[in-house]
Each structure stands twice: as C-alpha cells, then as structure tokens.
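The following note sets out points for a colleague's reading of the model. Please consult the structure alongside each point.

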Amino acid sequence: MKHFIIPIFIPHFGCTHQCVFCNQKKITGSSAIRLSGKDVANLIELYLARLDRPRRVEVAFYGGSFTALSVNYQRELLTPAALAQREGRIHAIRLSTRPDAISSDILQHLLSYGVSIVELGAQSLDDGILATAARGHTVNDIERAVCLLREAGLSCGLQLMLGLPGETWELLPLVAARLLRLKPDMLRIYPTLVIAGTPLADLYQNGHYAPLTVDEAVRRAAFFRLLCDQQGISVIRTGLQATEELDQPSVVLAGPYHPSFGEMVEARLFSLMFQRFAAGKDLTGRQLAILHHPRDHSKLRGLSNANLRNWQEQYGFNKLSLYPAGSKAGELIIEYEGLSHVVNKQMLCQL
C-alpha cells in the first residue's frame with residue numbers, strides 16, 4: 001500500500017544552532033508561524049479529506065529540531081496526531097531532530113505518543129565537515145543517537161548533505177563506511193545549496209566556498225544511492241523537494257539545484273549498468289533491445305534522452321529498442337546477438 005504523507009513544517013523551531021547552510025524558511029517555503037495543536041489537527045483533517053482510496057497515512061513533522069522543543073509544546077503538537085492514530089485514521093508518526101537532542105527519556109516520551117520513526121539531521125559523518133558547517137554536534141553524537149533509537153525499537157532515518165565545505169571525494173569512502181556501520185532504516189540525500197541569508201552565502205560571495213556542479217553532485221549522490229541499494233538501506237528522497245520559492249534565483253544563489261535531481265541520479269546508475277554490459281564488446285552497427293520495468297523508462301532514457309544520446313555516440317550501435325516490460329524494477333535485460341544479458345545494481349562495483 002502506497003504511503004500518504006501529511007507534512008507539518010516547523011521551520012527552525014527547536015534549533016539551537018545556526019548552521020552555515022541553513023535558512024529553513026526559504027527551503028520549506030514556510031514562514032516562522034508558531035503552529036498550535038489545533039493547527040495540526042486541522043491539517044490532518046484537511047489531508048485526510050483528500051484521500052480517495054486506502055493508503056498508509058503518516059503524519060510527518062519536518063524542519064526544526066522537534067525534540068529540542070519544550071516538552072509542553074511537543075505534547076501540544078503530538079496530541080492530535082496521536083489521537084488520529086488511536087482512532088485508526090493514520091498509521092504512523094515521524095519527526096526529524098538533531099542527533100544531540102536524543103536521550104532515553106526523550107524517546108520514551110515520543111513512544112508514549114505513538115511516534116515510530118525518527119530522522120536525524122546528521123548532514124555528514126565526518127567531524128571536520130560537521131565543525132566547519134557549525135552543526136554543533138559530532139559523529140559520536142550521531143552514533144549514540146542511532147544506538148538509542150535502536151534500543152527503543154524506533155525506526156531510524158539519517159539525512160546526509162553532500163558538498164558541504166571541506167568535503168572531498170577522498171572523504172566519501174570513510175563516510176560511506178560509517179554509514180554502513182550505522183545502517184539506518186532509511187536515508188535522505190541532499191546536495192548543498194547556497195541559500196540567501198545564510199553564512200554559506202557570505203562564504204560563497206567572498207570567494208571562500210565553491211559549490212558542487214550539478215554533474216558532480218549527481219555523481220556523489222549516485223555513489224551513496226548505489227551503496228544503499230546494494231546494502232538494503234531505503235533511500236526515501238534524493239534532492240530537495242521542488243518549491244516555487246526554491247525556483248527563484250533570489251533564493252538559491254548557487255549550487256546544484258535541479259527539480260529533477262533525483263531522476264538524474266537514477267539515470268546515472270542506469271547509464272553505469274549499460275556501461276557494465278557494454279564493457280569489452282564491439283557494438284558498432286549492432287542492434288540491441290532493453291527490457292525494463294515500466295516505471296524505469298524515463299530514468300533509463302535519461303533527462304532529455306541524455307543516456308540514449310551518450311550511448312549512441314560512445315558505442316555506435318545501429319539501433320536500440322526499449323521495451324517497458326519483462327524486468328524487475330532497477331534491472332535491465334539486454335538482448336544482444338540472440339542472448340539475454342541481465343544487468344542490475346548489485347553488479348556495479350564502482351562509480
């Protein structure tokens with residue numbers, strides 16, 4: 001059953017630090033209005049009224065640092081969601097918070113209100129990058145928070161931000177190894193954007209920070225996406241949710257923002273899968289056919305057919321036919337010289 005998310009944004013509420021990259025009012029498109037429990041109840045009713053078929057419904061508190069809010073305010077926000085869950089009208093409650101705003105007592109409080117999923121804004125798994133980003137927590141804080149979530153029986157999500165100041169390709173294997181050791185239940189991957197009104201914007205405008213290009217950000221995100229797919233870690237988002245505000249050049253001053261960023265990451269992985277098949281073969285003048293899952297069709301072609309154009313230029317085949325049927329999601333069956341070649345992400349070893 002497909003999930004239906006009821007998003008409730010609480011930008012900056014609970015945050016005790018000004019990270020170099022952060023202006024959540026711009027990122028979420030939300031103003032810093034203090035929501036009440038009644039507001040939460042009204043939003044739940046509004047979204048439930050839109051349901052036209054059975055769905056697994058989650059209330060998700062996004063932004064800010066939920067567990068750093070006062071206990072009384074947490075209760076106020078959680079109470080209508082907990083009531084809807086007890087009545088069977090929603091099925092899960094999730095929230096996001098800082099890794100250093102987690103304790104056993106805090107988690108017991110969340111459990112008493114039916115919270116089942118907690119996402120930690122880790123942003124990086126390298127202490128040097130975290131310090132430069134003024135996150136105010138360490139890798140040890142992240143590891144401790146994940147351990148406490150596991151002990152409490154809560155699902156754990158992590159959020160990684162790629163391209164922060166000081167991040168290099170050489171650091172990514174270390175970050176990847178730590179991610180695998182933690183093995184969260186889910187991961188969100190975001191590229192670092194230069195948002196107006198942030199300390200990072202000052203660094204950028206003074207020439208002290210160079211953001212990733214879109215291509216480089218896609219490559220780094222694909223590295224982690226492949227790693228997670230191979231290790232059974234669910235990637236629930238790649239790239240920021242497109243909003244009218246983020247589409248304004250006065251908001252995103254620089255950086256790899258693209259409304260189709262997630263699809264570009266998937267397209268890169270399909271391109272690597274085709275390259276894996278083509279390695280060592282002379283495809284010049286040949287005819288090929290690719291069977292694939294229907295939902296992978298646009299990702300296989302690439303944005304504006306970029307994959308198809310690149311493969312034609314690189315390998316010089318005569319004809320390539322795509323058939324959206326007969327394969328598992330994320331897997332290709334490539335017909336070539338009367339033989340079927342199965343290619344999937346498990347066969348990729350490097351980017």
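1. Helix 4 crosses helix 6 in a right-handed manner; a crossing is right-handed if the near helix is turned clockwise from the far one by less than a right angle, and left-handed if anticlockwise. Helices (H or I, at least four residues) and strands (E, at least two) are DSSP runs, numbered from the N terminus.

2. The model is predicted: local features need pLDDT of at least 70 and side-chain atom pairs pLDDT 80 or more, while totals for chains, interfaces and linings use all residues. Residues are numbered from 1 along each chain as its sequence is written, and side-chain values use heavy atoms, without hydrogens and water.

3. The axes of helix 4 (residues 104–112) and helix 6 (residues 139–152) come within 10 Å and cross at roughly 45°. Axes are lines fitted to C-alpha atoms, for helices over the stretch in contact, with angles from 0 to 180 degrees between N-to-C directions. The two helices are therefore oblique to each other (under 35 degrees is roughly parallel, over 145 roughly antiparallel, 65 to 115 roughly perpendicular, the rest oblique).

4. Ser104, Leu107 and Leu111 of helix 4 meet Leu148, Leu149 and Ala152 of helix 6, contact being heavy atoms within 4.5 Å.

5. Seven strands form an open sheet with parallel pairing, in the order 1-2-3-4-5-6-8; pairing requires at least two DSSP bridges between two strands. The edge strands, strand 1 (3–9) and strand 8 (234–238), each pair on one side only.

6. Strand 6 (residues 186–191) pairs with strand 8 in the parallel sense over four bridges. Arginine 188 has arginine 237 in strand 8 as its bridge partner.
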